[in-house]
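Thanks for coming. I will go through a few local features of this structure, one at a time.

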Amino acid sequence: MKQLKHISVFALLALALYGCKPEKKDSYNQEAMLTNIATNVIVPAHQQFSTAAQALKQKSDAFSNAPSTQSLDELKAAFVTAYAAYMAVETYDFNPSLGVRNLNVFATDTAQINSNIATGSYNLEAALNIRAKGFPAIDYLLYSQDAGTTLNAFLVNNAANRKQYLTDVVNDISTVASTAATAWADYKSQFAAATGTDVGSSVGMLVNDVAFSAERCRRERVGNALGYVGFISSGSLYPYSLEASYSTQSKALLIANLQQLKALYEGGAGEGFDDYLASINAEYDGQPLSTAISTQFDVAIAKANAVPVDFAAALNSNKPAMEELFLELKKLTVMLKVDMSSQLGVVINYSDNDGD
Amino acid sequence: MLQIQKNTTWLGKLSAQTSIAPLVVFRIAFGIMMFAATLRFVSKGWVDTLFVQPSYFFTFYGFEWIKPLSANGMYTVFGIMMLCSILIATGLLYRVAAIVFFLLFTYVELIDKTNYLNHYYFISIMAGILCLLPANKAFSLDVKLGLAKTVTTVPTWAIFALQLQMAMVYFFAGISKINPDWLLNAMPLRIWLPAKADVPIIGAWLTEQWVAYAFCWIGMLFDVFVAFFLFNKRTVWYAYAVVVVFHVLTAILFPGIGMFPFIMIVCATIFLPAVFHERLIGISATASASSATTKASWLSQATLTLLVLHFSIQAVLPFRYMLYPGKLFYTEQGYRFSWRVMLMEKVGYTIFNVRDAATGKSVEVNNRQFLSLQQEKQMSTQPDMILQFAQHLKEVCGKEMQNPEVYAEAYVTINGRSSRLLIDPKVNLAAEQDGFANKKWILAQADK
């Protein structure tokens, strides 16, 4: 009897607590932020990339049908535009855009490309060819030699195979681009509805993607160029190579990527992560973290612009400018990967394990 | 004289006979739970990801000789652990099973610091204590098959040892929560709770700041005091109800802590009255328990000495951090093995540079070339692991280079503070040594 009385007291308390449950209140409206980011940043970026990829395909077909100095120049121009447009979507590793990042695995494997062209038999989907396709492969095919020699290669000897390879690589890019653009348009509402910050939530995935991109800018785009970054093989140090090394687009690509990242972070003109961070009063060295990150984006972009020429050339003439850029990118990466993720309670690089 | 008399009554109380039932129920529950936990571990594929795939392991200082076995070997270890947990539950070949389980479980935990969890440490200790207790002397296959004599009573200390260990876990977890971050800033719950706004019914409250504060204070009070109420016969049932509610709540809010809440709910039954346990397994011993003290054999004397030694170490271990300068949350010198749970939202990011002293050439390492995601994440926030990895890089590069230098730039944020450098990036970690001495290259030492 006594126990029963106590149980009923517990039950009453529980009911009372449930009764005075607060309304969905002043917590930050993630759904609104996600809707804005999808509508005004991610979907337009995918549409632009898709359009640029179709243009690339058109110019590539035109070039293959009639290789000439002029059609080569037009193709190169379309390549530069498409590569920059790609930089605006590389960040997103969501279901609809899976595989997009495979379009930019560098350094490209020139031996594999040459062997593919020579044999004429290959499967671009195969893991073996991950470094033999995408933008780095075209970078090699169109820019590794002077224009005359390049043009000649598409006219004599194995020209048919070479044209076919170029066509296949370009088709792969345009297919991935249009598939992702269509899929994202449909995915938008699902994306906005996946609130929270857990694994699988849109905020959780975006923060991971932003951290990935910032790290890639620091490490691979600039660190590789400076020879700062490398790998260890049988105890020796080897540097990695530069992005877009043949077309000398590395500086332009970095800036394109940073601008897109900033747009994502700020949600363009609407609600973004800066507003989210402001709503939880996150601080960084006594100032709001939200503005500290925006400022750091601007500093990094300014430092990138301050490098007068492409990174490949800047290494010899303007190394200090490159080093400054590297330091600012490091600061930015730390802020995004450490401070922002921690303040939002997002786990970076989640792996399935117990904690305590 | 008075002193001695007091001691004898205290000792007398502990060696007085009491019902074996709580110990037997504990044995069965522990065995079943360990079977489930081991099965879960294997089925999640963690044997593979944690012990087979990595090429490098962060061993504990002094236990560098502990190495993982091959894939088949590791699965066999887990298989034997499952078998032993069944033997423990059924009480067949109990002593052997308990000892083998304890040794294997502890071996697995010692392979890699990355996987350190307080509740794994807790299981190791409980299994270790069970090795010393006659938990198979009733309601067991050993008794049924005549491998052990039935008894209905055991010395009180046999039960008390398990209770005391539980109590220490709660109490030390509680006093570790008495720190400014937890009580005054509601950190890290202020970051973690709002992330759970989607949880049904209670979710809507979790974005409220006062709720984070309430959780922090209630959590602290619960941990510090619950054991006292569990020890008290008049309050034990209420205290146990609170234990259940508390741990179920943590299980809902923090699914990432895995089996821990359930382990505590099950283990806390050791505090429940003996009659309850007797009814469960259908034996009656309360009558014969009375005050009859049996003469302690040399074996039980030795056991008792071992337990006293164990608990003495347990009582001081959580305070060893005081021997080190600097902020504990940053340095983590003396952080493990102290029941500090859920105290930190700590995120780190560490960049390693290897420099060839002969040529001056230096490159930034890709940590993932050597470490799993989980290893890299754990390493990035813990200075001793950063040093270990630096030493590993030195070893790898030492094959070709005469004098490899290793530098680490580690950025860390704790409980919402701005990220800062954790260790001195100018110190060549290849030339430093691990040990219990203070690591002078950890920054955040001066400003205590």
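Before the residues, one term: a residue counts as partly exposed when its relative accessible area falls between the limit for buried, under 20%, and the limit for exposed, over 50%. Also keep in mind that this is a predicted model.

With that, take Thr248(A). Its relative accessible area is 40%, so Thr248(A) is partly exposed. You find Thr248(A) in the loop between strand S2 (236-239) and helix H9 (250-266) of chain A. Its phi is near 45 degrees, a positive value in a residue other than glycine. For background, most residues other than glycine have a negative phi, and most peptide bonds are trans.

Leu93(B) is not a glycine, yet has a positive phi of about 50 degrees. Leu93(B) sits in the loop between helix H4 (71-90) and helix H5 (94-111) of chain B. With a relative accessible area of 47%, Leu93(B) is partly exposed.

Now the peptide bonds. The one from Phe106(A) to Ala107(A) is cis, with omega near 0 degrees. Ala107(A) belongs to the loop between helix H3 (69-87) and helix H4 (110-119) of chain A. In chain B, Met187(B) and Pro188(B) are joined by a cis peptide bond, where omega is about 5 degrees. Pro188(B) is in the loop between helix H9 (180-184) and helix H10 (189-192) of chain B.

Next, the sheet. In what order do the 4 strands of the open sheet in chain B come? The order is S4-S3-S5-S6, and the pairing is antiparallel. The edges are strand S4 (362-364) and strand S6 (420-421) of chain B, each pairing on one side only. Between strand S3 (residues 346-356) of chain B and S4(B) there are 3 bridges, and Arg355(B) stands opposite Ser362(B). A helix from the other chain packs here: helix H13 (residues 319-344) of chain A touches S3, S4 and strand S5 (404-414) of chain B. H19(B) also lies across S3 and S5 of chain B, at about 155 degrees to S5(B).

H19(B), residues 383-398, has a helix partner too. Its axis and that of helix H18 (residues 373-381) of chain B come within 5 Å and cross at roughly 115 degrees. H18(B) contributes Gln378(B), Met379(B), Ser380(B) and Thr381(B) to the contact, and H19(B) contributes Pro383(B), Met385(B), Ile386(B) and Phe389(B). Of these residues, 5 are nonpolar, 3 polar and none charged.

That is where I will stop.

Conventions
Residues numbered from 1 in each chain as written. Chains lettered and ligands numbered in written order. Predicted model: local features only at pLDDT ≥ 70, side-chain atom pairs only at ≥ 80, totals over all residues. Heavy atoms only, no water. Axes fitted to C-alpha atoms, helices over the stretch in contact; angles between N-to-C directions. Helix = DSSP H or I, 4+ residues; strand = E, 2+ residues; numbered from the N terminus. Contact = heavy atoms within 4.5 Å. Nonpolar A, V, L, I, M, F, W, Y, C, P; charged D, E, K, R; others polar. Pairing = 2+ DSSP bridges. Buried < 20%, exposed > 50% of the residue type's maximum accessible area, 1.4 Å probe, protein only.
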